[in-house]
Amino acid sequence: TQGQVITCKAAVAWEANKPLVIEDVQVAPPQAGEVRVKILFTALCHTDAYTWSGKDPEGLFPCILGHEAAGVVESVGEGVTEVQPGDHVIPCYQAECRECKFCKSGKTNLCGKVRAATGVGVMMNDRKSRFSVNGKPIYHFMGTSTFSQYTVVHDVSVAKINPQAPLEKVCLLGCGVPTGLGAVWNTAKVEEGSIVAVFGLGTVGLAVAEGAKTAGASRIIGIDIDSKKYDVAKNFGVTEFINPKDHDKPIQQVIVDQTDGGVDYSFECIGNVSVMRAALECCHKGWGTSVIVGVAASGQEISTRPFQLVTGRVWKGTAFGGFKSRSQVPWLVEKYMNKEIKVDEYITHSLTLPEINKAFDLMHEGGCLRCVLSV
Ligand code: NAD
Ligand code: AHE
Ligand code: ZN
């Protein structure tokens, strides 16, 4: 198949909010600096649902969504040296070129090499898509497009991992779990003994709890409007639970009252701007730090009294938990293999690619954390 167009099945989002359609998609061979990957397993993340909803300013249609996956390299384009056919890989929506201003700064995991192209659904080389259906181009998504049996990614957007790792599990290391762990370890740098609040107990929030537990937090307060989340959350380190619906007072006040003035660190893992405000305002005066992890819709803005920051609270955000993707995803895979981090525990459902619309429906049900599709 090397050098040839591959026709395979992919779930195409033709329009916002319209059920995805399994199509025969033509996938062009990888050009210079590109890698064609056979996707074996992909999970769904809340961000896929967000873009599908039409509220993502970078969401273009028709497109192939999906960004939390694992597979095997099928072929590589000219000049690609770091992976070869047969390598087991995880696509990385957050690239790492090691050459750009961002990568060399030592201050961020963001990479500038291909971001301009991935934000508009095309490849960097010729600003075109490698996907088409009967000659009609289909946009890429986040530089990954994993809801397809084959995808083409930039070489700076693919992490080579231990071939022994079970791909049906480690696909989760493409987004949600690293995001939560890294928000704690890299972005907030939570210290032992800290009091932590986690807003939203989906996969990302639970991974924050797990990260906080390993960092030695003394209290991990989980906040969710679905009280059923507490039982599961206990297994990830949550020590206390608050449902904002059980209280008349604003949730930030409830938390401040229960923590002698506020928490040391808070994490918003929902994508709701009023919760982001509450997450900042439940932080302790003088040092409390709040990390925005959730992705909010186009047009939404955060606000608070500047006095909150004047008096020492800090507002931060994180993308992919601050992890350098190509360097650290393989390391996270090793940590999983050594049983130092959970992955299996986040997988509540397993389906197949043709059942993808059912998988999206499941996301809105309380009992679903991650649904892994066999592609
Ligand atoms: P999810 O839908 O599985 O979890 C969200 C949780 O929030 C659910 O348990 C829900 O009951 C709860 N919730 C909803 N509204 C609430 C409210 N008002 N108060 C309290 N709890 C509420 O989502 P997920 O896959 O865990 O993703 C969480 C967020 O993180 C999404 O916005 C996603 O787009 C974003 N995300 C960001 C990054 C990043 O790099 N920054 C990476 C992955 C995901
Ligand atoms: N296009 C969206 C941006 C969404 C966003 O912030 N994405 C996160 C990853 S979410 C993964 O589930 C991210 O990494 N952002 C940094 C980047 O470079 O995109 C919007 O709302 O505009
Ligand atoms: Zn994601």
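Helices (H or I, at least four residues) and strands (E, at least two) are DSSP runs, numbered from the N terminus. UniProt positions are in the numbering used here, feature names are shortened, and annotations may be inferred rather than shown by experiment.

Quick housekeeping. This is a predicted model, where local features need pLDDT of at least 70 and side-chain atom pairs count only at pLDDT 80 or more, while totals for chains, interfaces and linings use all residues. Residues are numbered from 1 along each chain as its sequence is written, with chains lettered from A and ligands numbered from 1 in the order in which they are written.

The other annotated domain, also from an unreviewed UniProt entry, is "domain: Alcohol dehydrogenase-like N-terminal", covering residues 32–161. Over residues 32–161 the chain is 12% helix and 28% strand, with the end C-alpha atoms 22 Å apart.

Now the sheets. Strands of a sheet pair through backbone hydrogen bonds, either parallel or antiparallel. Here two strands pair if DSSP finds at least two bridges between them.

First up is an open sheet of six strands, paired in parallel, in the order E12-E11-E10-E13-E14-E15. Its edges are strand E12 (240–242) and strand E15 (314–317), each pairing on one side only. From one strand to the next the twist averages 20°; for such angles, axes are lines fitted to C-alpha atoms, for helices over the stretch in contact, and the angles run from 0 to 180 degrees between N-to-C directions.

E10 joins E13 in parallel through four bridges, and Phe 199 stands opposite Glu 268 in E13. E13 and E14 also pair in parallel over four bridges, with Ser 266 opposite Ser 290 in E14. Then strand E14 (residues 289–292) runs parallel to E15, again with four bridges, and Thr 289 faces Val 314 in E15.

So what about E13, exposed or buried? Both faces are covered: Tyr 265 and Phe 267 on one side, Ser 266 and Glu 268 on the other, all buried. Buried means 20 or more other C-beta atoms within 10 Å of the residue's own, exposed means 12 or fewer, and partly exposed is in between, with C-beta atoms placed from the backbone.

Helix H9 (residues 273–281) is mostly covered too, with seven of its nine residues buried. Among the buried ones are Arg 277 and Glu 281. The cover includes strand E10 (195–199), helix H8 (251–258) and strand E13 (265–268).

E1 and strand E2 (residues 21–27) pair over seven bridges, and Lys 9 stands opposite Asp 24 in E2.

Last, the ligands. Ligand 1 has 31 residues around it, and His 46, Gly 200, Gly 202, Val 204 and Gly 271 come nearest. Near means that the C-beta atom, placed from the backbone, lies within 6 Å. Around ligand 2 we find, among others, Cys 45, Asp 56, Glu 58, Arg 115 and Cys 175.

How values were computed
Contact = placed C-beta atoms within 7 Å.
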